[in-house]
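Please keep the sequence and the coordinates at hand.

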Amino acid sequence: MLEIRNLTKVYEGGVLALDDVSLTVRDGEFLVIIGLSGSGKSTLMRCINRLVEPTSGQVLYNGYDITAAPPEELRRIRRKIGMVFQHFNLVTRSTVLTNVLSGRLGYVSNLAGVMHRFSADDLALAMRNLERVGIAEKAYARANELSGGQQQRVGIARALMQEPELMLADEPVSALDPATSHSVLRYLELVNREDGITVMCNLHFLDLARRYATRIVALKAGRLIFDGQPGEIDRDRFREIYGQEAEEVGVD
Amino acid sequence: MTARNNSARQRRQAFMLDWLIWAYAVAGGLYYFRSSLTAAGVPASIYLIAFPIGALVAWLLERGGTSIGERVVMETGDESLAERASQRRTLWYRTQVGITGLFIGLLTFVLGWQITEINLYYVFTRADRMQNMTERLLRPYWPVIGSLVEKMIETIFLALMSTVISIPLAALVSFAAARNIMYRITARWGRSLGGVVLPAAGAVAMYWVVSRLLGGIESEVLDIALIRGLAMPILTLVGLVVGASLGTRVARLAEANVGSLASKAIMAAFGAGLGVLAAWLVASVVAMVVFGGSWSIFRRDMSPWHLVVLAVGAVAGVVYALRRQPEEQYPIGPLIYGVVRFVLNATRSIEPFVWALIFVTWFRLGPFPGMVALMVHSVAALGKLYSEQIESIDPGPLEAVRASGATELQTIAYAVVPQIIPPFISFTIYRWDINVRMSTIIGLVGGGGIGQMLFQYQNLAQWRQVSVAVILIVAVVMTLDNVSAKIRERLV
């Protein structure tokens with residue numbers, strides 16, 4: 001599905017966010033990326049759909065080099081890659097439905113998109129996706145009237161509008177409480193199992209990672225330091241990833 | 001002191017600043033004694049002495065401690081804590097910065113007093129001179145209120161129209177003046193070049209054709225002035241559009257055969273066009289400043305040289321164009337941003353009063369030129385306010401919409417527009433408020449509205465009528481102020 005080769009990102013000002021990361025993501029995986037804040041998890045995700053331009057290295061999507069794609073081609077690839085964000089990134093003044101429909105923009109013509117014109121099929125798809133995440137009755141509410149968990153579910157519905165093959169989730173639950181975290185992650189698990197969408201997810205908490213991941217990789221200071229099964233992370237591994245002082249805390 | 005650790009550039013900047021400060025001090029001192037200096041027959045060039053003396057003082061003071069320039073320019077990061085603490089303990093009037101600051105401050109105040117010719121003697125002895133006028137101002141002559149209300153309505157509508165027309169223009173411009181939008185935009189070098197050069201060439205060509213074709217025609221039946229006036233902008237625009245589409249097409253050709261001779265030739269031709277255009281622009285500006293005239297005067301007086309200038313431009317353009325590959329991404333967005341910002345700032349810094357003077361000569365006296373003057377200024381002012389709003393929006397939704405594969409235009413429609421509508425409305429109402437106040441001034445130069453009447457009454461020393469006009473203006477401005485505050489409260 002996705003092959004990341006020697007990816008390096010140096011931000012302006014010389015901060016090395018990713019240091020020669022190579023990684024292969026297989027079809028249908030629920031891959032969880034763990035690591036401390038600032039270890040490069042978000043940058044890695046953003047380099048995949050080029051919200052951040054990598055400094056060097058390649059990202060191959062089904063064999064196609066995303067990093068070298070011209071703008072038009074990039075948009076076509078982006079629409080196959082859904083993304084869910086830490087702070088939901090909804091347009092808070094717009095309705096839930098409008099937010100969800102915006103996930104479909106990659107499929108409509110430039111002008112139709114600007115004019116907010118969507119086909120009946122797209123509208124039906126939007127309602128169906130809202131039903132899937134259980135908030136169809138909120139379709140005409142303004143996004144900022146929703147709770148955090150509901151907003152993130154809107155985010156998932158929006159990403160599903162792209163009919164994606166790959167879903168990037170950038171710390172989707174770190175702004176949510178434990179109970180809501182599980183409900184949001186369960187929706188990601190659902191699309192992973194039912195629709196066969198490959199999921200790449202950044203998580204802070206190791207126990208969440210253990211619970212949902214089929215495979216875990218760990219980043220530390222921009223380097224890939226672990227790649228394996230959830231069960232393989234023991235106490236020593238944990239300290240290696242999170243530092244010697246760290247104690248594991250859990251989310252119920 | 002700590003200055004030794006800093007870079008040469010910072011040291012230079014600090015010195016320049018100190019130099020400026022002390023040159024100012026010396027010049028100010030000289031200005032204070034200007035009457036005795038003139039009496040002694042000292043030429044005005046004496047002021048030049050401020051520069052070497054200023055440099056000397058700055059140099060001396062920089063050797064003897066932390067000067068103002070060093071304090072302003074240099075980073076304090078690498079000072080040790082002990083040094084900082086010792087600086088803290090010194091009382092401010094014992095430090096060089098404190099003493100210099102106090103001295104410069106006092107000097108400026110004394111100079112200001114002199115230059116503005118503050119005269120306390122008049123303040124206390126001539127108060128009765130204005131009694132006559134103020135008395136009349138306090139007895140408004142109400143019979144004129146009818147015609148004044150009429151003019152006031154004209155003023156309000158003048159402000160309304162100028163605001164309404166400026167909204168779409170300013171909204172359009174503001175996106176081009178928003179850093180967060182424009183700095184993302186790149187285009188292929190070939191298309192950028194073709195998209196600038198050919199439209200410009202097309203516009204110039206059409207302009208030339210129209211002025212040739214319609215230049216000599218006279219007619220009793222047809223309104224030639226109207227036909228020419230219409231044909232000129234329309235056909236120029238046609239030339240622009242045709243040039244643009246042609247430019248993209250030719251550029252695509254160059255992109256398709258990268259490396260071939262044809263591709264290079266196309267790029268070279270584009271570059272030459274750009275160079276000629278730039279050379280013409282620069283030479284025109286220089287000619288304006290140096291010859292007090294324009295390009296045509298430069299061409300007339302310095303005959304072959306204008307061709308040399310254009311040729312140099314063309315060669316430089318070719319070199320510049322061939323430095324990049326045609327399919328390379330070129331940051332056209334920041335360039336547009338810079339140009340639009342410059343034009344907006346220039347337009348905004350010219351007062352509506354001056355714009356009115358210009359448009360009055362174009363459209364004759366009346367409310368119309370006043371409205372256009374206010375509109376031009378409003379576009380610039382609103383454009384800046386709008387663009388700042390756009391720059392301060394939450395970037396999260398933009399990222400999300402972009403990640404779904406949307407185009408830049410769609411991203412703006414979905415993630416930017418919903419976020420900026422409330423502040424836009426708020427600013428627009430505020431601008432209407434400003435325009436009502438400004439339109440009274442516009443009237444002074446013949447821009448219509450109540451200002452015109454105010455000016456007439458004042459010229460005839462009819463203070464009682466002036467009083468009525470002033471009362472009306474104050475009433476309207478106060479009402480509008482309240483209303484707009486209420487509306488904005490509701491919206492934001």
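What percentage of the 252 residues in chain A is made up of buried residues? In this predicted model, the buried share of chain A is 45%. The secondary structure of this chain consists of nine helices and ten strands. Its radius of gyration is 18 Å, close to the 18 Å that the globule rule gives for 252 residues, and chain A is therefore as compact as a globular protein of that length. Of the contacts in chain A with a separation of 6 or more, 70% are between residues 24 or more positions apart.

Chain B has 22 helices and two strands. Its radius of gyration is 30 Å, whereas a compact globule of 492 residues would have a value near 23 Å. The C-alpha atoms occupy a box of roughly 80 × 75 × 60 Å along the principal axes, and buried residues account for 33% of the 492 residues in chain B. Among its contacts between residues at least 6 apart in sequence, 79% join residues at least 24 apart.

The domain assignment divides chain B into domain 1 (2-118), domain 2 (142-185 + 348-492) and domain 3 (187-330). The centres of domain 1 and domain 3 of chain B, taken over C-alpha atoms, are separated by 50 Å.

Helix α1 of chain B (residues 8-32) has 25 residues, which at 1.5 Å a residue should span 36 Å; its end C-alpha atoms are 36 Å apart, so the two values agree. Within α1(B), the residues B:A14, B:D18, B:W19, B:I21, B:W22 and B:A23 are buried. An α-helix has 3.6 residues a turn, so residues three or four places apart point the same way. The buried residues of α1(B) pack against α3 (50-63), α4 (68-73) and α6 (96-115) of chain B. Helix α13 of chain B (residues 261-290) contains 30 residues and reaches 42 Å from its first C-alpha to its last, close to the expected 44 Å. After α13(B) comes B:G292, whose phi is positive, near 60°.

How many residues of chain B are in contact with chain A? There are 18, and they meet 22 residues of chain A. On the side of chain B that touches chain A, α19 (395-403) and α20 (408-442) each supply at least two residues. By class, this side of chain B has ten nonpolar, six polar and two charged residues.

In soluble globular proteins, nonpolar side chains tend to be buried together. The largest nonpolar core here has 133 residues, and those with the most contacts inside it are A:V32, A:M167, A:L188 and B:A469. Leaving aside residues up to four places away in sequence, A:M167 touches A:G82, A:V84, A:A159, A:L188, A:V191, A:I197, A:T198 and A:V199. A second, separate core of 25 residues includes B:M267, B:V276, B:A287 and B:A321.

Finally, the backbone of chain A. Most residues other than glycine have a negative phi. A:N6, in strand β1 (residues 2-10) of chain A, has a positive phi near 45°. This residue counts as partly exposed because it has 13 C-beta neighbours inside 10 Å. A:A221, in the loop between β9 (215-220) and β10 (223-228) of chain A, has a positive phi of about 50° although it is not a glycine. With 14 C-beta neighbours inside 10 Å, A:A221 also counts as partly exposed.

Conventions: Residues numbered from 1 in each chain as written. Chains lettered and ligands numbered in written order. Helix = DSSP H or I, 4+ residues; strand = E, 2+ residues; numbered from the N terminus. Expected span 1.5 Å × (residues − 1). Buried ≥ 20, exposed ≤ 12 C-beta atoms within 10 Å, placed from the backbone. Contact = placed C-beta atoms within 7 Å. Domains from an automatic or database assignment. Rg over C-alpha atoms; globule rule 2.2 N^0.38 Å. Nonpolar A, V, L, I, M, F, W, Y, C, P; charged D, E, K, R; others polar. Core = buried A, V, L, I, M, F, W, Y, C linked by C-beta atoms within 7 Å.
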